[in-house]
Amino acid sequence: MTTFAVRPGSSRQLAGTGTLLWFALRRDRLMIPVWIGVDALMVLSMPNTLEGLYGTPAERADLIRQMATNSSLRAMIGPVFDDSLGALTAWRVGVYAGALAAVMSLLVVVRHTRDEEESGRQELVVSGMVGRRASLTSALLAAAVANAVLALLVTAGLAGQGAVGALALGLGIAGVGMVFATMAAIVAQLTESARLARGLTAAVLGTAFVLRAAGDSATDGGTSQAFGTGGGSSTLTWLSPLGWLENLRPYADERWWVLALLAGAMLLQGAVAYGLAGRRDIGMSFLPTRPGPATGRLGSAGALAWRLQRGGVLGWSIGFLLAGVVYGGMTEGAADLVGDNAGARRIFERMGGQSGLTDAFLASMVGMLGLVAALYIVASVLRLHGEETSGRAEPVLANAVGRLRWAAGHLVIAFGGSALLMLLAGLGFAVGYGRETGPILGACLVQLPAIWVIGGLAVLLIGVLPRAAAAAWGVAGAVLLIGWVGPALDVPQVVLDLSPFGHLPKLPGGEMAWGPVLVLLGSAVVLVAAGLAGLRRRDMTT
């Protein structure tokens, strides 16, 4: 157990913060730019896309009318507060950009606080001339640097639509990111597991999104009220930091005082995190992990892997089921929203195929969930690498457990879990849409070969280049960017084909093509086999 000689309140509490900050930014030199790039490009690409979709006043008026009467679309995207391109950009991607900034921030903070303590590296750091709160401060500063860069990119990129609105949107997105950074800092003090800290903070983010969606859906006519009357928002919306970002109203008579809510929450949570950090020892927590059984359900490497990952599988499963229900329920409304808009129809067709509009929308939403499932499989596969680098794998492998058997436990959960997610998403679509159950389930399951290729790449990196295993997040982020933003930007098909998802048949509505599916399945098998072969031959890292 580590103790400190530094007096509480002393300036020496922050000694070494600058060095730790530089080290944190160096370690995240790949992850942070990927997250910033995806988030910024999503926002900055939207004005041109929206101009092509709703270029005339009549088209924008029709959009506003549809959003005012369609509660399911308001729940997913939010209300429209003005008909300018800047306001439409804030409406279309503001909440999602804030959510991405929140995910980036919580990952950064947990990685450089609880992750470091769990691995034992934090004890080595604090044994030197490092203050008690230096690690927490450097983690929060790293998140602040990332969010500041994101805010600058958004502000500069949207300045052509109006500098004031661009500044409001940039500060709002960064503010949401920092609220969840300080939230993660609190949770990291309460829990003894980095995995649990990430999961609990992500659950808070999910709750914030649900509250915002429920509030916007319950506000009848809130969109039309926004013009000239300053229409209000539901109480549920105001309970969510994502709702605060929405009610900042960039490009629509900005409410600058909303930034005070974000700043106040950030400062209050930061103060709580600092208070908690000063009252515990390194490696300990206020909610210690309950000791588990050493036999029975944990009698095998596979059972241990399931014990470690079951919480994540449960959380992702609930999310995919609910997402399927929501997307299925808004299918008819989305068809009404697109109407005769040729540009919007073209985007859906590029994402979902040349079938009817409803089938194209379903195919595009299924494809989006497939892209998100790729993030799950990367996170699940990299849990294998985390067990290795933390030193927890060595006691397991010191017994009568081979490397392949140990790895197989985690990979079954990763690859099988992704199949479960897509199956639950299909069932959710069937519940929300109410028909075409078989075709929708088939459309969800046909995403698996592309998802497994991404997982296979992660396995290959772990087996052959373990120090570059985090690059799997870069691959997943690039695939997400191509699939999400590429069709809207009308990028060439050769770029879309860089993603394994670009080779899948567009179901439902399109024709089933077994050739690409089998090639992707074979590629996934080869990648996993090569990764396991490398893992079997190389030295274990710590």
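Q: Is the crossing of helix 9 and helix 10 left-handed or right-handed?
A: The crossing of helix 9 and helix 10 is right-handed, meaning that the near helix is turned clockwise from the far one by less than a right angle. Helices here are DSSP runs (H or I, at least four residues), numbered from the N terminus. This is a predicted model, in which local features need pLDDT of at least 70 and side-chain atom pairs count only at pLDDT 80 or more, while totals for chains, interfaces and linings use all residues. Residues are numbered from 1 along each chain as its sequence is written, and side-chain values use heavy atoms, with hydrogens and water left out.

Q: At what angle do the axes of helix 9 and helix 10 cross?
A: At roughly 165 degrees, with the axes of helix 9 (residues 134-158) and helix 10 (residues 163-190) coming within 8 Å. Axes are lines fitted to C-alpha atoms over the stretch in contact, and angles run from 0 to 180 degrees between N-to-C directions. Helix 9 is therefore roughly antiparallel to helix 10 (an angle over 145 degrees).

Q: How many nonpolar, polar and charged residues are in that contact of helix 9 with helix 10?
A: The contact has 17 nonpolar, 6 polar and no charged residues. Ala, Val, Leu, Ile, Met, Phe, Trp, Tyr, Cys and Pro count as nonpolar, Asp, Glu, Lys and Arg as charged, and the others, Gly among them, as polar.

Q: Changing topic, which residues have the most contacts inside the largest nonpolar core?
A: Ile 173, Val 381, Trp 406, Phe 429 and Phe 501, in a core of 141 residues. Helix 6 gives the most to this core, with 18 residues. A nonpolar core is a set of buried Ala, Val, Leu, Ile, Met, Phe, Trp, Tyr and Cys residues joined through side-chain atoms within 4.5 Å.

Conventions. Buried means under 20% relative accessible area, exposed over 50%, partly exposed in between (1.4 Å probe, protein chains only). Helices (H or I, at least four residues) and strands (E, at least two) are DSSP runs, numbered from the N terminus. Angles under 35 degrees count as roughly parallel, over 145 as roughly antiparallel, 65 to 115 as roughly perpendicular and the rest as oblique.
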